[in-house]
Amino acid sequence: MAKITVFKDSNMSGTSKTFTDAVANLEDVGFGDVISSLVATEGSWRLFKDKNFSGTSWDVSQTGGAAGTDAYPNPQFWGGTHDSISSLRPL
Ligand SMILES: [Ca+2]
């Protein structure tokens, strides 16, 4: 199982959306280049700077966030930047 919730603002605030499967183009669901925080509730996920699982990528997991939790309060926690993720998929 895999589950991730992404947020438009830092510290898990703002509009959010939860996914349980790959999304090739986050623009299709209104989340292209807007993510600033996330919670990797279940499993591990790969985040991509570009659509269709391409470009620079960053991995997040349910134990890889702040203080070993599933929470990534801002992009520094996954090594990326604000408003840059365009696709994502479970690992
Ligand atoms: Ca992007």
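This briefing walks through the fold of the protein shown above, from its overall build to a few single residues. The structure is a predicted model, in which local features need pLDDT of at least 70, side-chain atom pairs count only at pLDDT 80 or more, and totals for chains, interfaces and linings use all residues. Residues are numbered from 1 along each chain as its sequence is written. The protein has 0 helices and 7 strands; helices (H or I, at least four residues) and strands (E, at least two) are DSSP runs, numbered from the N terminus.

**Overall build**

- Going along the sequence, the pattern reads β-β-β-β-β-β-β.
- The radius of gyration is 11 Å, close to the 12 Å that the globule rule gives for 91 residues, so the protein is as compact as a globular protein of that length. Here the radius is taken over C-alpha atoms, and the rule is 2.2 Å times the number of residues to the power 0.38.
- Along its principal axes, the C-alpha trace spans about 30 × 25 × 20 Å.
- Buried residues make up 27% of the 91 residues. A residue is buried if 20 or more other C-beta atoms lie within 10 Å of its own, exposed if 12 or fewer, and partly exposed in between, with C-beta atoms placed from the backbone.
- Among contacts with a separation of 6 or more, 65% come from residues 24 or more positions apart. Two residues are in contact if their C-beta atoms, placed from the backbone, lie within 7 Å.

- Strands of a sheet pair through backbone hydrogen bonds, either parallel or antiparallel.
- Strand S4 (residues 44-50) pairs with S5 over 6 bridges and with S7 over 4 bridges.
- Trp45 has a bridge partner in S5, Val60, and a bridge partner in S7, Pro90.
- Arg46 has Asp59 of S5 as its bridge partner.
- S4 and S5 form a hairpin with 3 residues between them, and Asn52 in the turn has a positive phi of about 55 degrees.

**The four-strand sheet**

- Another open sheet has 4 strands in the order S2-S1-S3-S6, and its pairing is antiparallel.
- S2 and strand S6 (71-72) are at the edges, each with a single partner strand, so one side of each is left without a neighbour in the sheet.
- S1 and strand S3 (residues 37-42) run antiparallel and are joined by 4 bridges. Phe7 stands opposite Ser37 in S3.

**The loop between S1 and S2**

- Most residues other than glycine have a negative phi, and most peptide bonds are trans.
- Asn11, in the loop between strand S1 (3-9) and strand S2 (13-19), has a positive phi near 55 degrees. Asn11 counts as exposed because it has 11 C-beta neighbours inside 10 Å.
- Met12 is placed in the loop between S1 and S2, and its phi is positive, about 55 degrees, although it is not a glycine. With 17 C-beta neighbours inside 10 Å, Met12 counts as partly exposed.

Methods. Pairing = 2+ DSSP bridges.
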